[in-house]
Amino acid sequence: MSTLVETQFLAVLSASDDALEDAIDLGASLLAASAAGWPEVSRAVLALYDRTADGCWRRGWQPADVVRMVGRELGERHLAVAGDLVAAQARSYPGTGRRWTTQLRDLDATAPWWSGDDAYLTELGAREGLDRFGTAARVLELLRLIARLPAIEPLAEASFQEPVRKQPVTGEPRQLGRIRALLAKAESSEFPEEAEAFTAKAQELMTRHSIDEALIGAQEGSRHAPAACRIGVDAPYDGAKALLLDAVADANGCQAIWSSTLGFSTVVGFDSDLDAVELLYTSLLVQATATMNRAGSRYHESGRSRRTKTFRQTFLIAYADRIRERLTAAKEEAVAAADEATDNRLLPVLAARDVAVQETTERMFPTKTTHRLRGRDADGWKYGKAAADRAELGHRDKIARGEQVAEPTRP
């Protein structure tokens, strides 16, 4: 049976785009009608899952990356099967770092949900409302995508490790949980003053935590090196969103490198700063999107709708440009105050962290390039700048200036 499954998988894997639909139809038909039985097909499929996923981890991918690519390329209907793959692999790869474990928790894929390997396809079909042909076709489509994912740069924290058998670490730092809760309240509040108070408090906690860690590490002679994480940058307007992420990363002592064809940015920095970037970027993007949609419900004075691609693209570019300016100003104030409070011990520590982040980024991405994004809608620029002025930031020290992924150009 494993021979039949592998043969049809290889046929689908090698099929051209023009012949892909026919290859999937033929393969799914043969698997659904197999004389060996559906339980045998199920076991063979899961064995193939293991080998295919193993190749993904060895090529630098992580669970959240794989699921994000499945949603991007195949759509939401394949996400359940992708989650199954992650769950199956989590049994063999539980010890690859805090961020890996957090991804599994967020994907709700810490354990397989089916009752046994020989029942997997039956239970998957029942859960998704598919017959055997539809179940086999979905599995073949998913496996083809995963097997064809290119090699990418392994992340500093969670590059591939040989499987180990140990209990995974659960939960997250208490301080991070408090920051997450404050930002959630800021995003949901209908009152600007209240949202500002919540976000300012969250930013205060971020700043205090980052500076404390830097000083303690320097005092104890810590040799902690920068790590890296990937953050999804989704269409539409992914270039403008990457610009916003770059601004947030830059302000938090990190560098963001956008991989436009793969739909994510890799952010390099120290661990606590990476947490801050993820949280603050998500919060600002929520605020920007909500304000952009409200602006889009109005009309230009000429009567043209603001629900246009040009308006929205320019809005987000201007928003990111202004956020960068605000964060730069906030950095100067925060760093100056902290350096004075520590008798001028802070700046050399931050400079050393800056160098470490720069060197790690250059090693991971020696051939990175810079892109330019142009805003072509005057109203979009005006409304985007105004929205950024109203965005809730609080104060955050800007530890290092990162590599700009995209440079905004005024209309």
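These legends describe close-up views of one predicted model. In this predicted model, local features need pLDDT of at least 70 and side-chain atom pairs count only at pLDDT 80 or more, while totals for chains, interfaces and linings use all residues. Residues are numbered from 1 along each chain as its sequence is written, and side-chain values use heavy atoms, with hydrogens and water left out.

**View 1. Strand 3 is covered on both faces.** Strand 3 spans residues 264-269. Helices (H or I, at least four residues) and strands (E, at least two) are DSSP runs, numbered from the N terminus. Six of the six residues in strand 3 are buried. Buried means under 20% relative accessible area, exposed over 50%, and partly exposed in between (1.4 Å probe, protein chains only). Phe-264, Thr-266 and Val-268 lie on one side. Ser-265, Val-267 and Gly-269 lie on the other.

**View 2. Strand 3 pairs with strand 1 and with strand 2.** Two strands pair if DSSP finds at least two bridges between them. Strand 1 (residues 227-232) runs antiparallel to strand 3, over six bridges. Here Ile-231 has Ser-265 as its bridge partner. Strand 2 (residues 255-259) is also antiparallel to strand 3, with five bridges. Here Ser-259 is bridged to Phe-264. The hairpin of strand 2 and strand 3 has four residues between the strands. In this hairpin, Gly-263 takes a positive phi near 75°.

**View 3. Arginines sit over the rings of Phe-264 and Phe-270.** A charge sits over a ring if NZ of Lys or CZ of Arg is within 6 Å of the ring centre and within 35 degrees of the ring normal. Arg-230 lies over the face of Phe-264, 5.5 Å from the ring centre. Arg-353 has its charged end over Phe-270, 4.0 Å from the centre of that ring.

**View 4. Helix 8 is mostly covered.** Helix 8 holds 16 residues, 132-147. Its expected span is 1.5 Å times one less than its number of residues. That gives 22 Å, and the end C-alpha atoms are 22 Å apart, so the two agree. Of the 16 residues, 12 are buried. Among them are Arg-138, Leu-142 and Ile-146. At the helix start, a side-chain oxygen of Asp-131 comes within 3.3 Å of the backbone nitrogen of Phe-133.

**View 5. Ala-202 is buried in helix 10.** Helix 10 covers residues 192-219. Ala-202 has 0% relative accessibility, so it counts as buried. Beyond its neighbours within four places in sequence, Ala-202 is in contact (heavy atoms within 4.5 Å) with Ile-179, Leu-182 and Leu-183. Gln-175 is 27 residues from Ala-202 in sequence, yet 9.6 Å away, C-alpha to C-alpha.

**View 6. Six aromatic pairs occur in the structure.** Rings of Phe, Tyr and Trp (its six-membered ring) pair if their centres lie within 6.5 Å; planes under 30 degrees apart count as stacked, over 60 as edge-to-face and the rest as tilted. The Tyr-49 and Tyr-120 rings have centres 5.9 Å apart and planes at 65°, so this pair is edge-to-face. The pair links distant parts of the chain, 71 residues apart: Tyr-49 in helix 3 and Tyr-120 in helix 7. Both tyrosines are buried. The rings of Phe-311 and Phe-315 have centres 6.2 Å apart and planes at 40°, so that pair is tilted. These two phenylalanines are four residues apart in helix 13, so about one helical turn separates them. Ring pairs also link Tyr-49, Trp-114 and Tyr-120 into a cluster.

How values were computed: A polar contact is a pair of N or O atoms within 3.5 Å; within protein, one must be able to donate a hydrogen and the other to accept it, and residues adjacent in sequence count only if both atoms are side-chain atoms.
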